[in-house]
Every structure is written in C-alpha cells, then in structure tokens.
Amino acid sequence: ATPDAMEGTSASVWVENGLVIAGGVLTLGSFVSQCQKPAPYGKFDKEAGSSAGWGPGIPQRLGHIASDFIPGCIIFTLVYFLAAGADDRRDPTSDTPNIILLGFFLAHYLHRGLIHPLIMRYSSKTTPLMITVSGLIGNAIFAAAISLYLALNTYPNNYEEDARFVIGAVLFWIGYAINRWADLRLRNLRRDNPGQYVIPHGFLFDYVVNPNYFGELIEWTGFAIASWSIAAAVWALFGASTFILRSKENLKWYREKFGDEFPAGRKALIPFVY
C-alpha cells in the first residue's frame, strides 16, 4: 500500500506544493552557486575576500542556533500542530507514523540547532550575517514543507511496519549516529589542537574527509524513504547539493595544505566511491 493522498483544504495543499517547488528552485540555485565558489563559512571564511558581500560577522553560535534551531524545531513543530489541528476530523497526536517522523526530524535539529552550537569548538568565532539569514530562509522553507506534508498526509494502517518505513528508519539512525560521532571527533580535535588544523584519523575519517556530511546524507535519504514524500526527497537533494560540492572543496583544501602528509586514497564524501 502507498500513503494515502494528502487531506486538508485545497489552499493548504497548494501551499505545500508551492513550498516543494520553492525548495527545488533553492536546491538548483544552491548547487550552481557552490559550483562557482564555496560558501564563506568555516575554513573558507578565512580566505581573502571570501565573505565580501555577505554582511558583517555575527557570533558563530548565535548564527548557527538562528539558522537551524528556529526553523528545524520551532517552525517545524508549529506548522505541524497548526495545520493538523485545523482539521476537526483528525487528532494531530494520534497518527503514529506521522508523530514518529516528527520525532526523527526534531531529534536531528534539537542536536544540530541547539546542543551542537553550544558544545562545538568552532574554527571561527564569527560567521557572515547573510550566511545565517540564507540558512534560516532555506531551512524554514524545507521545514515547513516537510511538516505540512506530515500534517496533511494520512498513512495506511500499520505503515510503521511497512518496508519503506523500516528501511528508512534504520538508515536515518545509522546516519544520525555517524553524524554525531564525526562532530564529536572534530570537537575533540579542536580541543586538543587549539588554533590549528590537523588531519583527522580514525574509523570513517580514514576513508573520507567529511564523515559528518556522509552521515547526514544517509540520515535524510532514510527520512525521505521512511516518509515517502517528495518534500523530504527534495530536502535530501538540497543537502546533497552542499555535501557533494563542499566535501570536494574540503578534500582539495586538505591536499593543498598538507601535501604528501595527507592520505592519498582518502575520498571526499562516500567511502571508496567519491
């Protein structure tokens, strides 16, 4: 069985479709932009002139919380309960697959948008204002699109036992674990080597430059499969548009900085492949 058609008013369905289309346009624009030049945050913010035109610097932690926690937790939750609660025929807390998927998304962004910024040792104390603003807008579009889909969609009975849901959930939590591990590994490296870059080693770092991106790519691919929604699929593509290009630039940066010290066989994003 496939998920039933979305319910709700025609206006809410049109809003959902519009958000998905906007997300698709944003994905294409992000890919084209990053093909030309890496976004100026992290190590690329330190390159001469890289942040020109992106506005003044603001505290990195504040920028990260604003761009991720506000859309990923606050907007996502509000849209779901307002949209689902507007339908008198449904109890927004009674649809088990929808609530589980809501929990998946919130688990990621509670960590990514709040815990991570508070505990991470950033390589730069500031980030350009427009990086935060563009991240906030993009994340808000996708958070609203996915949340509205979950609020409007009715899954078949026992959908949580469906192969798509099970496979997607397994992938999501595998990716989640990889992403959390890689972030903590980088945090510890920065603690032990303040003010300098070193070559990460251990587990997936021996195979790819950005296992944190690899983990998040697996996460959102799993979420798209589990939710079986176009909105989540476009979100996964949006993430891939960043992960693929930025990991490639990171690999290039490490090779230029460390030369022969850097392992020749290490890939950018996907072990043994890319």
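**Reading the helices and their contacts**

Tutor: Start with helix α4, residues 129–152: its 24 residues reach 34 Å from the first C-alpha to the last, close to the 34 Å expected at 1.5 Å a residue. Keep in mind that this is a predicted model.

Student: How many residues of α4 are buried?

Tutor: Buried means under 20% relative accessible area. In α4, 17 of the 24 residues are buried, and the helix is mostly covered.

Student: Which residues does S67 touch, leaving aside its neighbours within four places in sequence?

Tutor: S67 lies in helix α2, residues 60–85. With those neighbours set aside, S67 is in contact with T132, G135, L136 and N139. S67 counts as buried because its relative accessibility is 8%.

Student: With which side chain does the side chain of H64 make a polar contact?

Tutor: The partner is the side chain of Y122, at 2.7 Å. Beyond its neighbours within four places in sequence, H64 is in contact with several residues, among them R112, G113 and H116.

Student: R112 carries a charge label in my viewer. How should I read salt bridges?

Tutor: Side chains of opposite charge can pair when their charged atoms come close. This structure holds 3 salt bridges. One of them joins R112 and D183, with the closest N and O atoms 2.7 Å apart. R112 lies in helix α3 and D183 in helix α5 (residues 163–192), so this pair ties together parts that are 71 residues apart in sequence.

Student: Are R112 and D183 buried or exposed?

Tutor: Both R112 and D183 are buried.

Student: Which side chain meets that of R164 in a salt bridge?

Tutor: R164 pairs with D162, at 2.9 Å from N to O. R164 counts as buried because its relative accessibility is 13%. Another salt bridge links D192 with R191, where the closest N and O atoms are 3.0 Å apart. R191 has 41% relative accessibility, so this residue counts as partly exposed.

Student: Now the surface. Which residues form the nonpolar patch?

Tutor: The patch consists of L110, I115, L118, I119 and L184, which together have about 410 Å² of accessible area. Helix α3, residues 96–119, supplies the largest share, with 4 residues.

Student: How does L110 count by relative accessibility?

Tutor: L110 is located in helix α3. Its relative accessibility is 41%, so L110 counts as partly exposed.

Student: Which residue follows α6, and what is its phi?

Tutor: W228 comes after α6, and its phi is positive, near 50 degrees.

Methods
Residues are numbered from 1 along each chain as its sequence is written. This is a predicted model: local features need pLDDT of at least 70, side-chain atom pairs count only at pLDDT 80 or more; totals for chains, interfaces and linings use all residues. Side-chain values use heavy atoms; hydrogens and water are left out. Patches are made of residues with over 30% relative accessible area and no salt bridge: like charges are joined within 9 Å, nonpolar side chains (Val, Leu, Ile, Met, Phe, Trp, Tyr) within 5 Å. Accessible areas come from the Shrake-Rupley method with a 1.4 Å probe; for residues, only the protein chains shown count as cover. A salt bridge is a side-chain nitrogen of Lys or Arg within 4 Å of a carboxyl oxygen of Asp or Glu. Helices (H or I, at least four residues) and strands (E, at least two) are DSSP runs, numbered from the N terminus. Buried means under 20% relative accessible area, exposed over 50%, partly exposed in between (1.4 Å probe, protein chains only). The expected span of a helix is 1.5 Å times one less than its number of residues. Contact means heavy atoms within 4.5 Å. A polar contact is a pair of N or O atoms within 3.5 Å; within protein, one must be able to donate a hydrogen and the other to accept it, and residues adjacent in sequence count only if both atoms are side-chain atoms.
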